[in-house]
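User: I am new to this structure and would like to learn how to read it. Could you take me through its features step by step?

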Amino acid sequence: MAAKIRVVMKSFTSQSNKISGLMPYTKKVGLPESRALFTVLRSPHIDKKSREQFSMHVKKQFVEQKAEMHELHKKLFWLKRLRIPGAQYEVQIFFKTRLDKGSLKSLVA
């Protein structure tokens, strides 16, 4: 039985250089970048036409790696110790199991 370890990373800067040394044999997928644009008056009392704009770009990347049961403990220990400065990351673990037909019929009936 194999497990999929997914790491979703969000940061304000590009993560391509940060992910290169993370995990070997990983599948990297770039997610869409979200952008927020803020417009602020420069002076609250006069010059209403004078405005300033600020933007915030959040870049996301999705990293997936497969792990067998015997190596899962070592990879989880490594992920707990992972430090990525300037990035927020979320770890998701998925298991895929197979049921035999007899137990599947007993569950349905």
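Analyst: Let us begin with contacts, where contact means heavy atoms within 4.5 Å. Among the contacts in the chain with a separation of 6 or more, 73% are between residues 24 or more positions apart. This is a predicted model, in which local features need pLDDT of at least 70 and side-chain atom pairs count only at pLDDT 80 or more, while totals for chains, interfaces and linings use all residues. Residues are numbered from 1 along each chain as its sequence is written, and side-chain values use heavy atoms, with hydrogens and water left out.

User: Which pattern does the chain follow along the sequence?

Analyst: Helices (H or I, at least four residues) and strands (E, at least two) are DSSP runs, numbered from the N terminus. Here the chain has three helices and four strands, and they follow the pattern β-α-β-β-α-β-α along the sequence.

User: What is the order of the strands in the sheet?

Analyst: In general, strands of a sheet pair through backbone hydrogen bonds, either parallel or antiparallel; two strands count as paired if DSSP finds at least two bridges between them. In this model the four strands form an open sheet in the order β2-β3-β1-β4, and the pairing is antiparallel. The edges are taken by β2 (27–41) and β4 (87–95), each of which has a single partner strand, so one side of each is left without a neighbour in the sheet. From one strand to the next the twist averages 15 degrees, with axes being lines fitted to C-alpha atoms, for helices over the stretch in contact, and angles running from 0 to 180 degrees between N-to-C directions. Between β2 and β3 (residues 51–68), which run antiparallel, there are 13 bridges, and Val40 stands opposite Glu52 in β3.

User: Which helix packs on the sheet?

Analyst: Helix α2 (residues 69–80) does so, touching β1 (2–11), β3 and β4, and its direction makes about 150 degrees with that of β3.

User: How many salt bridges does a search of the whole structure find?

Analyst: Side chains of opposite charge can pair when their charged atoms come close. A salt bridge is counted when a side-chain nitrogen of Lys or Arg is within 4 Å of a carboxyl oxygen of Asp or Glu, and the search finds three. One of them joins the side chains of Glu64 and Arg6, at 2.8 Å from N to O; Glu64 lies in strand β3 and Arg6 in strand β1, so this pair ties together parts that are 58 residues apart in sequence. Another links Glu52 with Arg42, whose closest N and O atoms are 4.0 Å apart. The side chains of Lys75 and Glu71 also meet in a salt bridge (3.9 Å, N to O), and these two residues, four apart in helix α2, are separated by about one helical turn.

User: Is Glu64 buried or exposed?

Analyst: Buried means under 20% relative accessible area, exposed over 50%, and partly exposed in between (1.4 Å probe, protein chains only). Glu64 is buried at 9%, whereas Arg6 is partly exposed at 23%.

User: Which residues make up the largest nonpolar core?

Analyst: In soluble globular proteins, nonpolar side chains tend to be buried together. A nonpolar core is a set of buried Ala, Val, Leu, Ile, Met, Phe, Trp, Tyr and Cys residues joined through side-chain atoms within 4.5 Å. The largest here has 11 residues, among them Ile5, Val63, Leu72 and Ile84. The elements giving two or more residues to this core are β1, β3 and α2, and β1 gives the most, with four.
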